[in-house]
Amino acid sequence: KKKESQGKKKRRREKEKKRKEKKMAQVIVIGGGLAGMSAAHTVVQAGGNVVVLDKSPFCGGNSTKATSGINAAGSRTQRILKIPDTPEIFENDTTVSAMDGARPDLIKVLTHESGPAVDWLMDSF
């Protein structure tokens, strides 16, 4: 077996150091619920490294309590199943249920982006 030269050893150590540096997290996400995991997944999709921290011994957050699903309108699944739901119907329902606490600007974003968000979750996870 040939003895490794000093130059090769140094290059190998530098390469190993760079490999370890690349594994270091570039982003820290606080919270392992649906929002936190979605944020972490987006970082990974973009080629980054991420660490997720959660105060619980398991991830899931409030999403683990959402046993009836995720509210959305206009998702691909609804269109395929010919479910006549629209972001406008969802927006109206949400506004009515919020009563005096309604924030029209936030409700519009929530309801009109909900279908594409569910599609993204289904495609990405």
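This is a predicted model: local features need pLDDT of at least 70, side-chain atom pairs count only at pLDDT 80 or more; totals for chains, interfaces and linings use all residues.
Met 99 lies in the loop between helices H4 and H5. Although Met 99 is not a glycine, it has a positive phi of about 50°. Is Met 99 buried or exposed? Its relative accessibility is 64%, and the cut-off for exposed is over 50%, so Met 99 counts as exposed.

Lys 82 sits in the loop between helix H3 (76-80) and helix H4 (87-98). Lys 82 is not a glycine either, yet it has a positive phi of about 55°. With 72% relative accessibility, Lys 82 counts as exposed.

Next come the strands. Strand S1 covers residues 27-30 and strand S2 covers residues 50-53; the two run parallel and are joined by four bridges. Within this pairing, Val 29 stands opposite Val 52 in S2. To get from S1 to S2, the chain passes through helix H2 (residues 34-45), and this β-α-β crossover is right-handed.

Helix H2 also takes part in the largest pocket. This pocket holds about 250 Å³ of space. Which elements give two or more residues to its lining? They are H2 and helix H5 (104-124). H5 gives the most, with six residues. Among the residues that line the largest pocket are Leu 34, Ala 35, Ser 63, Ile 70, Asn 71 and Phe 90. The lining also includes Leu 110, Glu 113, Ser 114, Ala 117, Val 118 and Leu 121. Sorted by class, the lining has eight nonpolar, three polar and one charged residues.

The last stop is a pair of aromatic rings. The count of aromatic pairs comes to one. Trp 120 and Phe 125 form this pair, with 5.7 Å from centre to centre and 85° between the planes. Why is the pair called edge-to-face? The reason is the angle: planes over 60 degrees apart count as edge-to-face, and here the angle is 85°. How accessible the two partners are can be stated for each. Trp 120 has 28% relative accessibility; because this lies between the 20% and 50% limits, Trp 120 counts as partly exposed. Phe 125 has 56% relative accessibility and therefore counts as exposed.

Terms used: Residues are numbered from 1 along each chain as its sequence is written. Side-chain values use heavy atoms; hydrogens and water are left out. Two strands pair if DSSP finds at least two bridges between them. A crossover is right-handed if, with the strands pointing away from the viewer, the path from the first strand over the helix to the second runs clockwise. Rings of Phe, Tyr and Trp (its six-membered ring) pair if their centres lie within 6.5 Å; planes under 30 degrees apart count as stacked, over 60 as edge-to-face and the rest as tilted. Buried means under 20% relative accessible area, exposed over 50%, partly exposed in between (1.4 Å probe, protein chains only). On a 1 Å grid over the protein atoms alone, a cavity is a set of points where a 1.4 Å probe fits but cannot get out, and a pocket is an open set with protein on both sides within 12 Å along at least five of seven lines; lining residues have an atom within 4 Å of a point. Grid points are joined across faces, edges and corners, and a volume is the space filled by probe spheres set on the points. Ala, Val, Leu, Ile, Met, Phe, Trp, Tyr, Cys and Pro count as nonpolar, Asp, Glu, Lys and Arg as charged, and the others, Gly among them, as polar.
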